[in-house]
Amino acid sequence: MVEPKANDLMERIVSLCKRRGLVFQSSEIYGGINGFWDYGPLGAELKRNVKDYWWRVMTRLRDDVVGLEATIIMHPKIWEASGHTTTFADPMVDCLLTKKRYRADQIDPQSGVAYHYSGAEDNAMAAGEKPKTSGEPYSFLVPDVKHIERARQAAKTFYRQRGVGDPRLLGERTEIVQNSTRYNPENGSLLTEPRLFNLMFKTYVGPVESAENVAYLRPETAQAIFAQFKTVAEVSRQKVPFGICQIGKAFRNEINPRNFTFRSREFEQMELEFFIRPDEAVEAIAGSVAQPDGAGHPGAPQANWGWQMWHKYWVEERLAFYEQIGLPRASLVEYWQKPAELAHYARATVDILYKFPFSKRDDKGELAGEELEGVAARSDFDLSQHQRFSGKGMTVFDEELKAAFAKLDDGRKTALATRYFENRRAYLIKANEPAEQAERLAREEAAALANGTYIPHVIEPSAGVDRLALALICNAYCEDEAPDEKGKLEKRVVMRFSPRIAPVKVAVFPLLKNRPELVAKALQVRDLLRPLMTVYYDDGGAIGRRYRRQDEAGTPFGVTIDFDTLGEKGEELKDTVTLRDRDTMKQTRVKISDLPALLQERIR
Ligand code: GAP
């Protein structure tokens with residue numbers, strides 16, 4: 001197998017996506033729109049399969065998770081409570097020369113010689129005229145002093161853009177610069193100072209564009225789950241621990257969309273909010289709180305699980321999910337965020353990374369990986385915020401806790417209530433409640449805990465559908481060789497999608513399209529399989545070409561109807577077909593009546 005270089009590989013993958021209709025630019029006939037992507041027939045099937053499988057394992061196969069489908073535009077107070085209106089911002093910088101915009105935290109540090117200028121005067125003014133000047137300072141970074149002319153030319157362009165027709169540069173001086181992120185890595189120009197830019201897309205609800213009608217396209221699906229927590233808990237008759245999951249569009253006005261669909265402005269998320277008891281409640285009920293003991297799946301959930309065990313459980317469940325849809329464990333990285341990287345309310349976050357061809361390499365030359373999903377232990381922050389902002393209670397009543405608490409000895413009761421009080425007070429003070437008020441509320445909440453009432457904590461596995469689709473495409477892409485009609489080896493591009501998520505499961509081919517009895521039988525086979533899976537019927541061209549087309553589409557199975565199927569070479573082969581495996585290219589003879597069960601078993 002040929003191993004293409006990373007960038008080269010990514011180019012080939014992007015080109016295949018366009019050629020085969022997996023993914024292409026939105027609004028292409030108008031030149032596209034940056035950060036927005038459309039999925040063609042194969043891509044739409046792939047995404048649907050990914051979402052369907054996620055939905056199946058996250059809710060349909062579980063008793064303790066239910067689904068939600070909320071609106072994209074919600075009450076703007078939701079984003080105040082979640083903190084998005086104030087803190088969901090990235091630092092941005094602009095190139096002073098090209099005006100191109102970058103995320104400040106994604107600028108690679110540069111070293112070299114900086115040429116600084118204090119301004120410029122116009123050489124070309126007529127005698128007696130007051131020279132046009134600019135006093136705006138400007139700097140340009142070059143690798144060494146040999147490149148002084150580049151710096152001067154860039155500075156002249158900068159001042160010309162500011163109306164100085166024929167600039168004479170003023171105040172030139174040099175400085176050795178080490179690892180600076182103040183210069184544009186693409187051209188060396190000075191960047192503007194970083195400014196914070198809120199990533200939410202703003203719109204207006206109703207015909208009047210006024211401040212009170214402002215609303216936002218949701219930047220994550222999670223907040224709807226928190227806002228509807230009480231209603232869903234009630235109507236589904238679920239008791240903590242339980243989860244609510246949702247799949248849907250999210251929008252972020254990313255400063256610099258990049259790496260194909262990886263960072264887009266419109267994308268889909270698959271999120272679960274799994275609500276659990278606070279550790280103090282677990283301890284009251286189970287006597288102690290279990291701690292994770294090393295690597296591996298912790299097994300079936302237990303009553304003595306606190307947030308750490310639940311967090312570990314969901315990390316392992318999610319890793320298993322990725323393996324089940326064909327991403328090898330070795331292509332994934334389990335990255336535990338360091339304390340400084342954690343959101344202030346998070347107790348732990350594990351990012352599940354995939355080693356994309358465009359990922360950076362670590363010190364050992366290994367692909368470091370890019371985030372597919374974050375699994376965060378978010379404490380009771382989210383529901384607490386919505387309780388404070390909406391004034392509606394987000395607590396649950398836990399019968400088991402009330403009964404267990406009543407049986408504790410006084411020392412234990414005080415110890416647990418004190419711990420709970422301290423956690424709640426710390427949250428309330430961080431949320432800017434006055435100290436006295438925080439103290440009073442936390443005391444009331446600790447008393448409520450003893451009576452079986454609390455705000456649930458949450459574990460959040462949050463994944464991106466589009467990033468996952470891209471990872472599956474990158475992982476499936478393979479170039480090898482296969483024999484053509486004459487047995488000569490030719491290059492083949494094959495998408496080795498797991499049959500579980502492959503866009504098309506089986507292709508059905510009549511050997512020849514000008515033989516009506518072959519075509520009739522092939523159509524019968526197509527109609528037999530179609531209610532059970534995605535089938536593609538293809539009678540165009542030589543059979544080898546048809547196989548090749550399906551290999552590129554990643555179709556795992558091919559069924560050919562030939563003269564043996566018609567019984568022309570003997571009764572024993574009548575109503576049998578060849579079943580071709582995309583990966584091994586092996587063909588086996590199978591009875592038509594066995595096909596549905598056999599294929600269903602392999603694509604489940
Ligand atoms: N509720 C938590 C949350 O939204 P996040 O890490 O900001 O967390 C979760 O997003 C996932 O959504 C990411 O792991 C990624 O897969 C996907 N995602 C986030 N921003 C994206 C973007 N601009 N383009 C594509 N996918 C994105």
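An oxygen atom of the ligand sits 2.8 Å from a polar backbone atom of leucine 372, a polar contact in the sense of a pair of N or O atoms within 3.5 Å (within protein, one must be able to donate a hydrogen and the other to accept it, and residues adjacent in sequence count only if both atoms are side-chain atoms). The model is a predicted one, so local features need pLDDT of at least 70 and side-chain atom pairs count only at pLDDT 80 or more, while totals for chains, interfaces and linings use all residues. Residues are numbered from 1 along each chain as its sequence is written, and side-chain values use heavy atoms, with hydrogens and water left out.

Back at the ligand, serine 264 puts a backbone N or O atom 2.8 Å from a ligand nitrogen atom. Arginine 467 brings in its side chain instead, with a polar atom 3.4 Å from a nitrogen atom of the ligand. There are 18 residues around the ligand, counting those with a heavy atom within 4 Å of it. Of these, Glu220, Arg252, Ser264, Glu271 and Glu371 come nearest.

Next, the helix packing. Two packed helices are described by the angle between their axes and the distance between the axes. Helices here (H or I, at least four residues) and strands (E, at least two) are DSSP runs numbered from the N terminus; axes are lines fitted to C-alpha atoms, for helices over the stretch in contact, and angles run from 0 to 180 degrees between N-to-C directions.

H12 (residues 410-430) and H13 (residues 435-450) have axes that come within 8 Å and cross at roughly 140 degrees. That makes H12 oblique to H13, given that angles under 35 degrees count as roughly parallel, over 145 as roughly antiparallel, 65 to 115 as roughly perpendicular and the rest as oblique. On the H12 side the contact (heavy atoms within 4.5 Å) includes Tyr420, Phe421 and Arg424, and on the H13 side it includes Leu441, Glu445 and Leu449. By class, the residues split into 10 nonpolar, no polar and five charged, with Ala, Val, Leu, Ile, Met, Phe, Trp, Tyr, Cys and Pro taken as nonpolar, Asp, Glu, Lys and Arg as charged, and the others, Gly among them, as polar.

H12 also meets H10 (residues 381-390), the axes coming within 12 Å and crossing at roughly 60 degrees. H10 is therefore oblique to H12, and this crossing is right-handed. Phe381, Ser384, Gln385 and Arg388 of H10 touch Arg424, Tyr427 and Leu428 of H12, giving three nonpolar, two polar and two charged residues.

Further along, H15 (residues 516-529) and H17 (residues 595-603) cross at roughly 50 degrees with axes within 10 Å, which means H15 is oblique to H17. Val525, Leu528 and Leu529 of H15 meet Leu595, Pro596 and Leu599 of H17: six nonpolar residues, no polar and no charged.

Finally, the backbone. Most residues other than glycine have a negative phi, and most peptide bonds are trans. The valine 240 to proline 241 bond is cis, with omega near 5 degrees, and proline 241 lies in the loop between H7 (229-236) and E15 (242-251). Phenylalanine 260 has a positive phi near 60 degrees and is found in the loop between E15 and E16 (266-276).

Methods:
Left-handed = near helix turned anticlockwise from the far one by under 90°.
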